[in-house]
Amino acid sequence: MLPDLHHSRVLSGMRPTGRLHLGHYHGVLKNWVRLQHEYECFFFVADWHALTTHYADPSVIPGSTREMLVDWLAVGVSANAATLFVQSQVPEHAELHLLLSMITPLSWLERVPSYKDQQERLKGRDLTTYGFLGYPLLQSADILMYKAGQVPVGEDQVAHVELTREVARRFNHIYGREPGFEEEAERARRRMGKKAARFFDRARRAYREQGDESALAEARALVESQQNITIKERETLLGYLEGGGRVILPEPRPLLTGAARMPGLDGQKMSKSYGNTIALRDDPEQVAQALRTMPTDPARVRRTDPGDPEKCPVWPFHLVYSDETTRRWVQEGCRNAGIGCLDCKAPIVEAVTAELGGIQARIAELEADREALDNIVAEGCERAREVARDTLEEVRHAMCLD
Ligand code: TRP
Ligand code: SF4
């Protein structure tokens, strides 16, 4: 693990606006399950974000929040490995959002692509609100609160992480330059020892005078690897290196989740708004029905017409669920019309049903013990609040609010 916790911290959230489906499971949650063992992870239910679009009918939010937490646990997200919480239960997020709003130019928010896109897409809702404009900044507050180094997101959220980087940079630029910063940096530099300090100077000069990016990267790595300096000294040195002030809010990076590994029933991205999902809570009848009626290669009008798996939305399901033997059987049987489409779908019906059966059994267990779930969430929220309070203390101090 990296020495600096901030860089090994991972944070991600989901909006509780409906049921989780196979796209969430294969595209997002399996990734979380893996990450939780490699990094310090914070996963949360973004119920305030849900409210930005669902403010007129918020009644779906509490039920979805609860289901979402249960489903996460059922697929293997672990409350021991990761911190699980609900955004609105950590009201510090609202304060950080407010404070960041002071330094965020309106134009930065107006030009985030999802702003106009979503207003176009969700025509039925009035999204000309202050809250919706602030959506990406609220997300920035979520991320910066935990000083997350990596944010697992889909393609559509990268612009929000980019905005977060800009906001962090601006914040550090304005508030990281306390009086005496240079002296403080000098002290921290000496604390690394003679040899490291000399290397640091050379690299800093190469970057500042010649814009040498690799020197910057080397110096950063040097600072990150120091065991004997405090977190504050490290932040000072990182800020000093780039010529700005102390880094109070580190810039996060998006961690792209291998997106459409699980396309929907119609071959488009699996998404509730396209109505092409299989929900984690669908019963076996619904699953079988959905798969049986899903479209196939349009060239196979009759059973005797040959087809091409590459042109069929069923094929990606085989890539997720079937072994090599079955896949070969599909490739041949489809191309020479040796099998029918229902034959082809049968192993998938079986695999999806078995997968969901396991998940649903765990869901049932979790739902039988509401108290245990309440405790998990309460503990997660408390753990999150501890980190949030620390960050806010620094932020308030930087903004002369203490
Ligand atoms: N906007 C994200 C989405 O719609 C959800 C979200 C809110 C989030 N805050 C976040 C994701 C912080 C990552 C980090 O999917
Ligand atoms: Fe698609 Fe399978 Fe039918 Fe070929 S046989 S068209 S891959 S469902």
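**Salt bridges and surface charge in a predicted model**

Both Arg-281 and Asp-71 are buried. In this predicted model, the side chains of these two residues form a salt bridge with an N to O distance of 2.7 Å. Arg-281 belongs to the loop between β5 (253–256) and α15 (284–292), whereas Asp-71 is part of helix α4, so the pair ties together parts of the chain that are 210 residues apart in sequence.

Arg-19 counts as partly exposed, because its relative accessibility is 42%.

A salt bridge also joins the side chains of Arg-385 and Glu-92, at 3.1 Å from N to O. Here helix α19, which holds Arg-385, is tied to helix α5 (residues 92–101), which holds Glu-92, so the connected parts are 293 residues apart in sequence. Arg-385 is partly exposed at 24% relative accessibility, while Glu-92 is buried, with a relative accessible area of 9%. Salt bridges with shared partners join Arg-19, Glu-67, Asp-71, Arg-281 and Glu-367 into one network. The count for the model comes to 28 salt bridges.

The loop between β1 (9–14) and α2 (22–38) also contains Thr-17. Thr-17 is buried, since its relative accessible area is 17% and the limit for burial is under 20%. Leaving aside residues up to four places away in sequence, Thr-17 touches Ala-50, His-54, Ser-64 and Lys-272.

Asp-402 lies in the segment after α19 (370–398) and is exposed, with a relative accessible area of 67%. The chain carries 51 positive and 59 negative side chains, and the centres of the two sets are 4 Å apart.

The secondary structure of the chain consists of 19 helices and five strands. Along the principal axes, the C-alpha atoms fill a box of roughly 80 × 45 × 40 Å. Of the 402 residues, 49% count as buried. The chain exposes about 19,500 Å², of which carbon and sulfur atoms supply 52%. Among contacts with a separation of 6 or more, residues 24 or more positions apart account for 78%.

Notes: Residues are numbered from 1 along each chain as its sequence is written. Chains are lettered from A and ligands numbered from 1 in the order in which they are written. This is a predicted model: local features need pLDDT of at least 70, side-chain atom pairs count only at pLDDT 80 or more; totals for chains, interfaces and linings use all residues. Side-chain values use heavy atoms; hydrogens and water are left out. Helices (H or I, at least four residues) and strands (E, at least two) are DSSP runs, numbered from the N terminus. Buried means under 20% relative accessible area, exposed over 50%, partly exposed in between (1.4 Å probe, protein chains only). Contact means heavy atoms within 4.5 Å. Accessible areas come from the Shrake-Rupley method with a 1.4 Å probe; for residues, only the protein chains shown count as cover. Lys and Arg count as positive and Asp and Glu as negative; His and the chain ends are not counted. The place of a charge is taken as NZ of Lys, CZ of Arg, CG of Asp or CD of Glu. A salt bridge is a side-chain nitrogen of Lys or Arg within 4 Å of a carboxyl oxygen of Asp or Glu.
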